[in-house]
Amino acid sequence: MHYTQYFIHHVDLLKKFKHDIGQLPPYQINLSDLTESDQTFMRTLDTLCTYQEYDEKMIEQGQWLVERIISGYNHLLQHFSRDLLWFFGGSCLHHMPDDEIHFYQQLDELRHASESQDRPFNIEEAKEFLNKQI
């Protein structure tokens with residue numbers, strides 16, 4: 001299903017984020033050596049990386065994670081894909097400028113058009129196409 005490809009893309013972005021920050025202090029050490037706040041952060045990220053389907057709990061945890069990154073871990077922002085802000089929606093959208101929201105709305109329109117015609121949707125190709133339109 002096309003939605004599954006879209007979902008997998010975002011879980012892969014979470015896994016990449018986890019891998020990237022796992023190379024940085026203090027996250028490259030044993031989880032038990034982290035502060036309680038850091039442990040909660042990493043456990044939430046671990047949980048998000050294991051979701052098999054999109055549901056309300058995933059969205060809540062994702063929004064919580066984004067808020068934690070922005071408020072207390074903003075040094076990690078450079079490793080966090082902007083795609084995930086759109087994917088989690090809600091309060092995450094407050095951290096996106098209007099032109100970026102418009103871009104992701106257009107991306108969703110392309111995805112829905114592709115799905116309605118039962119064609120596969122490649123998010124990276126669609127992003128490239130939209131960037132050329134700007």
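Predicted model: local features only at pLDDT ≥ 70, side-chain atom pairs only at ≥ 80, totals over all residues.
Local features need pLDDT of at least 70, side-chain atom pairs count only at pLDDT 80 or more, and totals for chains, interfaces and linings use all residues. Residues are numbered from 1 along each chain as its sequence is written, and side-chain values use heavy atoms, with hydrogens and water left out.

Helix 2 (residues 36–50) packs on helix 3 (residues 56–72) at about 140 degrees, with the axes 10 Å apart. Helices are DSSP runs (H or I, at least four residues), numbered from the N terminus. Axes are lines fitted to C-alpha atoms over the stretch in contact, and angles run from 0 to 180 degrees between N-to-C directions. Helix 2 is therefore oblique to helix 3. The crossing is left-handed; that is, the near helix is turned anticlockwise from the far one by less than a right angle, whereas clockwise gives a right-handed crossing. From helix 2, S37, T40, F41, T44, L45, T47 and L48 meet M58, Q61, G62, W64, L65, R68 and I69 of helix 3. Contact means heavy atoms within 4.5 Å. This contact has 7 nonpolar, 6 polar and 1 charged residues. Ala, Val, Leu, Ile, Met, Phe, Trp, Tyr, Cys and Pro count as nonpolar, Asp, Glu, Lys and Arg as charged, and the others, Gly among them, as polar.

Helix 5 and helix 6 pack at about 125 degrees, with their axes 10 Å apart. Helix 5 is thus oblique to helix 6. Their crossing is right-handed. F103, Q106, L107 and L110 in helix 5 meet I123, A126, K127, F129, L130 and N131 in helix 6. By class, the residues are 7 nonpolar, 2 polar and 1 charged.

The largest pocket holds about 160 Å³ of space. A pocket is an open set of points on a 1 Å grid over the protein atoms alone, where a 1.4 Å probe fits, with protein on both sides within 12 Å along at least five of seven lines; lining residues have an atom within 4 Å of a point. Grid points are joined across faces, edges and corners, and the volume is the space filled by probe spheres set on the points. The lining comprises L110, A113, S114, R119, P120, F121, N122, E125, A126 and F129. Helix 5 (98–116) and helix 6 (123–133) each give two or more residues to this lining. It divides into 6 nonpolar, 2 polar and 2 charged residues.

D118 lies in the loop between helix 5 and helix 6. Its phi is near 55 degrees, a positive value in a residue other than glycine. The P25 to P26 peptide bond is cis, with omega near 0 degrees. P26 is found in the loop between helix 1 (2–21) and helix 2.

How values were computed: Parallel < 35°, antiparallel > 145°, perpendicular 65-115°, else oblique.
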